[in-house]
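I went through strands, a helix, a pocket and a few single residues in turn.

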Amino acid sequence: MPTTEATDLLATPATLSKDELLRDYRLGWESRYASLAGRKEVFMGKAKFGIFGDGKELPQLAMARAFRAGDWRAGYYRDQTFMLAIGELTLQQYFAQLYAHTDVEAEPATAGRAMNGHFATRILDEDGNFKNLATSKNSSADISPTAGQMPRLVGLAYASKLFRQNPELHQYEQFSVNGNEVAFGTIGNASTSEGMFFEALNAAGVLQIPMLMSVWDDHYGISVPAEYQTTKQSISAILMGLQRDGEGEQGFEIFVVKGWDYATLVDTYQRAAELCRTQHVPVLIHVTEVTQPQGHSTSGSHERYKSKDRLVWEQEHDCLLKMKEWLLTEGHAIEDELTQIENEAREAVKTARTAAWAAFFNPIKDERDQVVKLLNELVAEAGAENSLHELVAQLAQNQTPIRADLVRTVRRVLRQVRGKRSAARRELLNWLDQSLAENADRYNSYLFSQSDEAVGNIEVVPAKFEAAAPQVDGREVLQACFDANFQRDPRIFAIGEDVGRIGDVNQAFAGLQDKFGELRVTDTGIRECTIVGQGIGAALRGLRPISEIQYLDYLLYAIQILSDDLANLQYRTKGGQKAPLIVRTRGHRLEGIWHSGSPIQMILGAIRGIHLCVPRNMTQAAGFYNTLLRSDEPAIVIEPLNGYRLKERIPSNVGEFTLPLGVPEILREGTDLTIVTYGSMCRIVLDAANQLAEVGVSVEVLDVQTLLPFDLEHVITDSIQKTSRVLFTDEDVPGGATAFMLQQVLDDQDAYRHLDSAPRCLAAQAHRPPYGSDGDYFSKPNAEDVFDTVYEMMREADPKRFPAIY
């Protein structure tokens with residue numbers, strides 16, 4: 001069945017009144033004038049950068065008409081017209097974001113943290129709890145990386161499928177009305193070249209979910225035309241294989257419509273959304289012949305790479321001019337009416353821009369005036385007009401100061417009066433303390449949840465063991481933990497490769513699909529990026545997903561979306577959105593270049609904003625799952641791959657006991673030296689500690705348990721204070737997680753005060769381990785390596801007691 005060329009649809013959107021048509025025309029011009037004004041603000045130096053949605057107004061107006069309460073958007077940075085049209089963006093908020101206004105009331109999407117064009121609705125109340133999302137129009141928070149919105153979009157649509165098909169979820173009326181919600185995605189034509197786009201579309205086709213995907217096709221990706229971007233220069237043409245063969249068949253419905261044809265756009269989006277909503281058929285709408293009047297962004301001019309013929313064509317096919325022609329031709333308005341609307345739109349933008357600038361700049365100017373007053377008082381008291389006056393004068397004369405100018409000046413002035421006592425200096429110090437605290441809230445807050453469900457607020461419940469509790473395989477502890485949690489909370493579900501029918505490759509979900517059904521324990525294709533994205537989107541909608549990445553090495557497929565989307569979601573919305581996704585994976589100590597499983601340095605550097613749990617056994621892992629599934633924060637749990645068959649006892653409260661994050665456990669007490677490690681290395685270090693005891697070295701062994709957060713109670717420093725020596729060891733590359741742990745203990749905990757010997761790190765080789773047990777032994781730290789490193793540290797302190805071995 002060919003794609004649906006939407007030219008055979010009704011010529012007019014018959015259901016719209018004249019007032020509705022003219023409202024759209026007004027919104028289109030308000031958005032256009034906002035784009036034009038925004039570009040000028042950047043060039044005037046009032047904003048850092050601008051990227052705008054001009055040329056895309058009509059398809060976004062049509063999409064907005066199909067968007068209902070409860071629906072979701074996962075789009076990109078040209079969707080300003082759509083956000084204006086659904087009532088979730090005002091013109092003043094649009095300019096507030098351009099100026100990076102940090103007041104969440106003025107700029108509710110990101111509180112000035114994201115550049116302009118990055119939209120979001122606040123789905124959480126002031127306490128960090130979900131609002132009624134079934135009655136609001138929702139936009140997930142945008143990210144800049146091209147196609148990065150796609151994995152999350154799959155999850156937003158997948159949630160509707162779960163809410164419709166799982167009767168246990170029908171009680172959660174604040175999140176869904178029978179799964180009737182459509183997830184609307186938007187993307188530029190060039191970004192469809194990204195692998196995430198194709199992966200997401202394939203996943204949506206397999207899952208059959210209500211995902212309505214729009215491609216704004218203006219023929220270019222910055223300066224690179226479509227012939228370099230897309231086979232056949234048409235994304236709909238190359239995706240024809242997704243088109244379903246008929247009613248009731250699996251696949252996509254594909255529409256192609258011109259971006260300047262308002263009537264057909266409206267009708268197409270109505271048809272597409274209804275199909276999505278009622279039948280859960282995914283839809284692709286390829287919007288062609290779109291223009292981009294101002295080029296890609298304020299970073300350059302499109303006249304440099306577009307031909308004169310192309311520029312003329314874009315002027316002639318400007319969608320707003322085409323809409324004007326259509327309104328006049330169809331008799332919906334007369335020229336004077338439309339001219340008046342255009343003029344009023346221009347004035348509305350001007351008024352909003354002026355108000356937004358005043359709201360943004362006046363408080364900073366008032367702060368500047370206060371600082372200048374304090375500085376002048378200090379100058380008068382210090383009697384050092386010649387040395388300080390220039391700094392004060394520069395700040396006073398700055399016509400457009402930013403807060404950094406204020407703090408920078410105050411800090412430099414305070415250098416010049418260091419050691420002097422005066423009332424003015426104390427006032428200035430008080431101002432600086434208050435300013436730094438306020439700016440910490442503006443720019444550094446909400447990396448993690450601040451709600452009652454934050455990880456740190458979850459009650460710690462110790463594990464209980466019956467005296468006669470049998471020894472079982474570690475995987476059975478996890479199986480019992482998941483079973484209990486699935487019974488406790490119907491919102492919990494697990495997805496991943498081999499998770500369902502066989503219960504994952506290590507059997508921790510064995511039998512749970514039969515018990516809870518395929519909607520709760522679900523197999524997926526081999527597509528790590530969208531497995532994570534599916535979890536992110538579902539978590540945004542109030543569900544509690546566990547996304548499994550089969551082996552830790554495969555996390556690289558998903559690290560971009562974890563880093564750019566999930567890790568900074570709370571941060572980039574300043575507490576406006578959350579997605580408490582748990583990523584379950586396994587690693588450490590397996591053999592082979594691609595299954596060595598310890599790229600911790602990469603993970604630590606990429607996922608600040610996600611907790612990282614590294615349990616040494618499955619009981620510890622179960623405790624973390626119990627904590628995290630009661631919390632509202634995202635986490636990665638790395639289970640020790642060689643621990644599933646090792647024997648452990650199942651706690652009698654296997655689904656209830658919880659472990660705190662950021663609290664190391666002392667596995668063995670000692671007096672001579674502290675070893676800090678985690679995961680599978682714990683057993684190796686304990687083995688080495690036993691061997692060291694035979695030669696008179698008493699080692700204290702600490703399992704950090706979580707790397708993010710790290711040792712919140714300074715347990716490691718307390719140990720070092722007792723032993724005066726420390727070794728950090730793990731399976732990562734040199735300078736990886738061992739260096740991270742060293743930095744945390746020395747810089748943040750000041751443990752250097754208690755050291756009698758230089759701290760040491762023992763890591764793996766700089767390469768990945770080759771296959772085979774010998775490859776593992778000679779590539780990663782072993783008990784003999786630990787023994788020799790500790791022995792050498794002790795020998796440095798007492799060479800007579802510890803003579804050379806080799």
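**Entry 1: β4 and β5**

How many bridges join β4 to β5, and do they run parallel or antiparallel? I looked this up and found six bridges, with β4 and β5 running parallel. I note here that the model is predicted. Within this pairing, F184 stands opposite L212 of β5.

I then checked how covered β5 is. Six of its six residues are buried, so I put β5 down as mostly covered, buried being under 20% relative accessible area. M211, M213 and V215 point to one side of β5, while L212, S214 and W216 point to the other, and all are buried. In a regular strand the side chains alternate between the two faces of the sheet.

**Entry 2: helix α6**

Next I took α6, which covers residues 195–207. I read 13 residues and a reach of 18 Å from the first C-alpha to the last. That is close to the 18 Å expected at 1.5 Å a residue.

Which residues of α6 are buried? I listed M196, F197, A200, L201, A203, A204, G205 and L207. Two strands are in the list, β4 (183–188) and β5 (211–216). The helices in it are α5 (149–165), α7 (235–238), α17 (528–540) and α18 (559–566). Just after α6, I found Q208 with a positive phi of about 55°.

**Entry 3: the largest pocket**

How much space lies in the largest pocket? I recorded about 600 Å³. The lining has 27 residues, and those closest to the centre of the pocket are K48, Y99, A100, F360 and I402. The elements that give two or more residues to the lining are α4 (91–98), α11 (335–382), α13 (403–416) and α14 (423–444). Of the contributors, α11 gives the most, with four residues. By class, I wrote down 17 nonpolar, six polar and four charged residues in the lining.

**Entry 4: β19 and β20**

I went on to β19 (residues 673–677) and asked about its partner. β19 pairs with β20 (residues 699–703) in the parallel sense, over five bridges. In this pair I found I675 opposite V701 of β20.

β19 is mostly covered, with five of its five residues buried. L673, I675 and T677 point one way from the strand, and T674 and V676 point the other way. All of these are buried.

I picked V637, which lies in β16 (residues 635–640). Is V637 buried or exposed? With a relative accessible area of 0%, V637 is buried. I left aside its neighbours within four places in sequence and listed its contacts: I582, V583, R584, T585, C613, P615, Y625 and L628. I also took one distance across the model. V637 and H302 are 335 residues apart in sequence and 47 Å apart in space, C-alpha to C-alpha.

With neighbours within four places in sequence left out, its contacts are I495, I531, V532, G535, L581, I582, V583 and R584. I582, V583 and R584 are on the list for V637 and on the list for S547.

Last, I looked through the loops. Which peptide bond did I find to be cis? I noted the bond from L708 to P709, with omega near 0°. P709 is found in the loop between β21 (706–708) and α23 (715–723).

H714 is found in the loop between β21 and α23 as well. Its phi is near 60°, a positive value in a residue other than glycine. At 31% relative accessibility, H714 counts as partly exposed.

D504 also has a positive phi, about 75°, although it is not a glycine. I placed D504 in the loop between β11 (492–496) and α16 (512–516). D504 is a loop residue, yet D504 is buried, with a relative accessible area of 0%.

Technical notes:
Residues numbered from 1 in each chain as written. Predicted model: local features only at pLDDT ≥ 70, side-chain atom pairs only at ≥ 80, totals over all residues. Heavy atoms only, no water. Expected span 1.5 Å × (residues − 1). Buried < 20%, exposed > 50% of the residue type's maximum accessible area, 1.4 Å probe, protein only. Contact = heavy atoms within 4.5 Å. 1 Å grid on protein atoms, 1.4 Å probe; cavity = no way out; pocket = protein on both sides within 12 Å on 5 of 7 lines; lining within 4 Å. Points joined across faces, edges and corners; volume = space filled by probe spheres on them. Nonpolar A, V, L, I, M, F, W, Y, C, P; charged D, E, K, R; others polar. Pairing = 2+ DSSP bridges.
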